[in-house]
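Keep the sequence and the 3D view at hand.

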Amino acid sequence: MNSEIHMEHDAYRESLFTNRFIKHQILKSKIGHIQSQACFKVRQLGSSVQQREIYQLTIGTGKIQVMLWSQMHGDEPTGTLAFFDLFNFFAADDQHNAFRKRILDNCTLHFIPMLNPDGAEVHQRRNAQGIDINRDFLKQQSTEARLLAGLQQNIQPEFGFNMHDQDTLWSVSGSKKPATISLLAPPADDEASITPGRLKAMLLTAGIYQVFKKQIPGCIGRWSEEYEARAFGDNFQRLGTSTVLIEAGGYPGDFEKQYARKLTFDILLYALNQISTQQYAKQQLSQYHQIPFNHKELFHLLIKNCQINNDDSNFTADIGLNYTEIIDLEHHKHKKIYTVADFGDLSTWNAYDVFDADGWAMATSLSIGEKPTLKIVDTQGNILVMDQGVMV
């Protein structure tokens with residue numbers, strides 16, 4: 001991948017989308033504009049349960065068929081954001097013409113942005129039926145699942161990219177840093193057999209890791225390789241489409257996932273170039289197995305060395321807190337509600353924000369009925385945290 005393109009993401013960044021909350025109507029208006037550009041073929045693939053249009057955008061003339069889909073979980077928009085940045089890149093006429101021509105002469109790219117527009121409208125994982133589309137491959141009771149499965153059968157893609165967002169509390173084993181990007185060549189069976197199609201996906205994934213671990217060291221992990229018989233990625237792998245899962249996670253200061261969006265754009269361009277030149281085949285399988293697995297050794301907030309005073313004893317402990325996001329879609333507002341996730345010796349954990357409370361804070365554990373309450377106050381008696389949830 002050209003380093004210049006990596007540096008110039010802002011030149012292709014779709015300005016209509018500035019945060020994580022993408023409404024279908026705005027997406028639809030942008031697709032209407034793209035439809036007027038001769039380089040893209042746009043068609044309505046079908047409609048969601050609530051009759052919102054689901055689109056297929058195709059570009060390129062090459063023999064290698066590649067299918068990319070995003071937001072099958074409605075509250076996981078980073079892939080959709082990156083897709084629209086890619087649309088701008090492929091429609092551009094600039095110094096990178098040779099690079100994009102190489103991809104489009106060798107590949108035909110089929111994008112499905114926002115497979116679950118009903119879920120996206122209310123920022124929820126499941127579709128309007130309450131079905132998790134990514135667990136509906138076998139039954140295909142949702143309209144959206146049938147559309148995705150039908151397209152795969154129709155075009156028989158050689159490669160597939162399954163775009164998701166993961167919980168910001170996932171970390172990378174060994175680094176205890178946020179898993180900003182997680183990758184996987186999903187298994188095709190319970191034994192995680194290395195089928196010919198999966199081998200290509202593993203080599204491509206290994207290449208992605210080798211390049212981008214330098215950009216975000218310690219922040220790229222590997223998703224669990226447990227086979228999920230109901231999932232699309234696992235089944236597409238089984239059917240011979242070399243499928244790569246890309247999960248966008250957390251990064252310090254990236255609450256709106258804009259840095260993750262840029263990384264996803266960069267990764268997809270790198271991967272598509274590798275496919276178009278078949279350079280991925282030069283990777284070593286051992287490099288795939290070097291990718292550390294996701295783990296959970298991370299809090300949103302960690303307060304260390306709190307002086308705990310209760311009726312029985314005084315001692316020092318750490319307090320790990322995580323937030324739940326409360327979203328007001330109508331007014332484009334959101335807030336975080338923190339609760340205690342763990343308490344005690346948390347010296348092996350990390351957090352997005354770490355505070356050392358030694359000498360300035362006191363924590364008191366009280367008993368209210370069967371639920372413990374943790375109150376954290378500063379030296380002036382101001383309440384910093386009040387939690388009445390059960391401490392795990």
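This is a predicted model: local features need pLDDT of at least 70, side-chain atom pairs count only at pLDDT 80 or more; totals for chains, interfaces and linings use all residues.

Residues are numbered from 1 along each chain as its sequence is written, and side-chain values use heavy atoms, with hydrogens and water left out.

**Strand E4 and its partners**

Helices (H or I, at least four residues) and strands (E, at least two) are DSSP runs, numbered from the N terminus. Two strands pair if DSSP finds at least two bridges between them. Strand E2 (residues 53–59) pairs with E4 in the antiparallel sense over 3 bridges. Strand E3 (residues 64–69) pairs with E4 in the parallel sense, over 6 bridges. There, isoleucine 64 stands opposite cysteine 107 in E4.

Buried means under 20% relative accessible area, exposed over 50%, and partly exposed in between (1.4 Å probe, protein chains only). Strand E4 (residues 107–112) is largely enclosed by the rest of the structure, because 6 of its 6 residues are buried. In a regular strand the side chains alternate between the two faces of the sheet. In E4, one side carries Cys107, Leu109 and Phe111, the other Thr108, His110 and Ile112, and all are buried.

**Strand E9**

E9 is largely enclosed by the rest of the structure too, since 7 of its 7 residues are buried. Ser242, Val244, Ile246 and Ala248 point one way, while Thr243, Leu245 and Glu247 point the other way. E5 and E9 run parallel and are joined by 7 bridges. Methionine 163 stands opposite isoleucine 246 in E9. E7 pairs with E9 in the antiparallel sense, over 4 bridges. Here serine 182 stands opposite glutamate 247 in E9.

**The whole chain and its cores**

The protein chain has 11 helices and 17 strands. Of its 392 residues, 53% count as buried. Contact means heavy atoms within 4.5 Å. Among contacts in the chain with a separation of 6 or more, 74% are between residues 24 or more positions apart.

A nonpolar core is a set of buried Ala, Val, Leu, Ile, Met, Phe, Trp, Tyr and Cys residues joined through side-chain atoms within 4.5 Å. The largest has 63 residues, and Leu57, Val66, Phe90, Leu109, Phe111, Phe161 and Ile246 touch the most other members. Helix H10 (residues 258–277) gives the most to this core, with 9 residues. Another core lies apart from it, with 17 residues, among them Leu147, Leu148, Leu151 and Phe236.

Which residues does valine 66 contact, leaving aside its neighbours within four places in sequence? They are Cys107, Thr108, Leu109, His110, Pro157, Phe159, Phe161, Leu272 and Ile275.

**Pockets and a cavity**

On a 1 Å grid over the protein atoms alone, a cavity is a set of points where a 1.4 Å probe fits but cannot get out; a pocket is an open set with protein on both sides within 12 Å along at least five of seven lines; lining residues have an atom within 4 Å of a point. Grid points are joined across faces, edges and corners, and a volume is the space filled by probe spheres set on the points.

| Space | Volume |
|---|---|
| Largest pocket | about 730 Å³ |
| Second largest pocket | about 430 Å³ |
| Largest cavity | about 50 Å³ |

The largest pocket is lined by 27 residues, and Arg20, Thr168, His300, Tyr323 and Glu325 lie nearest its centre. E12 gives the most to this lining, with 4 residues. The second largest pocket has 25 lining residues, of which Asn134, Arg135, Trp223, Leu245 and Glu247 are closest to its centre. The largest share of that lining, 3 residues, comes from E5. The lining of the largest cavity includes Arg20, Phe21, Gln71, His123 and Leu329.

**An exposed loop residue**

Aspartate 190 sits in the loop between strand E7 (181–184) and helix H8 (196–212). Is aspartate 190 buried or exposed? Aspartate 190 is exposed, because its relative accessible area is 63%. The C-alpha atoms of aspartate 190 and tyrosine 227 are separated by 5.4 Å, with the two residues 37 apart along the chain.
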